[in-house]
Every structure is written in structure tokens, then in C-alpha cells.
Amino acid sequence: MKKGQSIIGVFLFLIIGIILVVGLLTVLFQTNSSNDKEKTEMKKESIHIVAIGDSLTEGVGDTTNSGGYVPLVANLLEETDNYKKITTSNYGKSGDRSDQILARFNENKAMQEDVEGADIVVLTVGGNDIIQTFKQNFLTITEDSFIAPRETYEENLRMLFTAIKEVNPESELYIFGIYNPYSAYFPEITEMQTILKEWNNQTQEVVNETENATFVSIADLFDQTLIQEEKEEPLIDGIDQKRSEVKNPYLYEEDLFHPNEAGYELMAETLFQAIIK
């Protein structure tokens, strides 16, 4: 073979090799682009969450005034990249009992329309029913004092579930259980734990009878190790005074009842896990 022909052969071989490489890269790029596009198209356009309930839905204790667990769970869902957009509506009202939440839903057409377009409905209800029972029977309170209020609560909850499902049968319904904010402070008072357990069991029964409904337990969420802090007191006779203060890191310091920002983060994470499960 002549030297010129050898050079031409090598040159042609290089050209063909370059064409093949470019072609392969083009196919791979188009495939990846197609896969990315397919994944994007598979995402739901949006998820709408409607939160209904009492002060735990309103977000009392959240000093950022952002709405407690509601925006936090939306952020967690957005971070999964499974959805393009998460929107929320918050119908929490501090102090509402189960009968008041039920009445508010039945009377509020805007809330009903919002639920009609919701993918997820989240409830916090029942805590104020318990508080009312304490207030009405403070001097003579016993475990039996909660039987009738619990049965009334169950009836209200059934009607609320039914009303929501009539408006939107396809909605995923989640309800938080009740927790005892004082369990870490007074673990020896076991009667309260028994009352709350029975209350949560009643809620679980209603959930079990409802399609696409999930009970989200937070009974142990705030039963955390208490933090002991040293607080400075005003000087007395020129001597520094200190006192020891015990606090739950997840409860609002003003009332030691509602969650603080960290507490709402725990609630949001628990709800998030229930949703993705």
C-alpha cells in the first residue's frame, strides 16, 4: 500500500470514529432529555392541602406566625420533587371544640369549596373537648367524667368525616391524635395517660371505618427529656441569684401546652411520613 493511501485510510478511520462518537453522545443526550421530560410529566401539577381544626392547626405557639405544621409539611413534600407545586389553606381556630369545628364546616361554603378541590385534608380536633371537661368538673373530676364527652366527641367526629367525604370522596384524610403536654413533667399522673389513650382509640375506630383516612399518632411526640437551665435573677445584696428552670424543648414557653416551632416541626415530619407511606 502506498504511503498516501495509508494516510487517507487513517484519516477516514478517524472521521468515522468521530461521527460514531458524536452520534452516540447525541442519542444518549436525547434519551436523558426524554427521561427527564417523562419524569417531569409524571409529576402531579399540584397538591392542595386543606387544614381544619383548633389551635394546633392555627399554629398557636409558632412565634413566626407562619401557621404551625401546615407550611412545614408543604415544604417537606416539595423537597421530594414528586410534585410541581404544593398549596395550602388553613382553617384553624383556637379554642374550637369538635362541635364547633363541625358547625363551622357545615356553615362555611368557602371551606367546603376548598375541601372539594383538595387532595389532602388534615384535622386537629378533640383537645378542647377534653379541656372543657376539666373546666366543668374541676373539683370532682374522675376518669368516668370523660366517658360522656368522649362519646359526644366521637359522634361529632363521625359527622365531620361524613361531611368532608360527601364534599370530596376522593380526598385523603389525616387526623392528628391527642397528646399530653405534661407527661414529661408529671409522669406519676397516669390517669391522664389512660384518658388520652381511650380518646385516641375512639378516634382510631372512626378512622378505621372511613375510606382513605389515616390516624397520625403524636401521643409520645412531646414526651421528651426535659432541659434544665440556669436563670439569672436580680441581684440581692450584691449577690448573684440563680434559679433552675426545667423546660420541654418542644413546647411553647408561654403556656407549656402548645408546640413551639420545633414542636410543629415534629408534627410536620410525622404527618409527612404518614403521607409518603
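Predicted model: local features only at pLDDT ≥ 70, side-chain atom pairs only at ≥ 80, totals over all residues.
Helices (H or I, at least four residues) and strands (E, at least two) are DSSP runs, numbered from the N terminus. Residues are numbered from 1 along each chain as its sequence is written, and side-chain values use heavy atoms, leaving out hydrogens and water.

Select L256, in the loop between β7 (239-247) and α9 (261-276). Its phi is positive, about 50 degrees, although L256 is not a glycine. Most residues other than glycine have a negative phi.

**Stop two: another loop.** Now jump to N212, between α8 and β5. Here too phi is positive, near 55 degrees, in a residue other than glycine.

**Stop three: the inside.** Buried means under 20% relative accessible area, exposed over 50%, partly exposed in between (1.4 Å probe, protein chains only). Which residues have the most contacts inside the largest nonpolar core? Select I52, F105, L123, F161, I164 and I175; that core has 31 residues. A nonpolar core is a set of buried Ala, Val, Leu, Ile, Met, Phe, Trp, Tyr and Cys residues joined through side-chain atoms within 4.5 Å. Among the elements giving it two or more residues are β1 (47-53) and α7 (147-167).

**Last stop: a second core.** Finish with Y69, V70, I218 and L271, which are included in a separate core of 26 residues.
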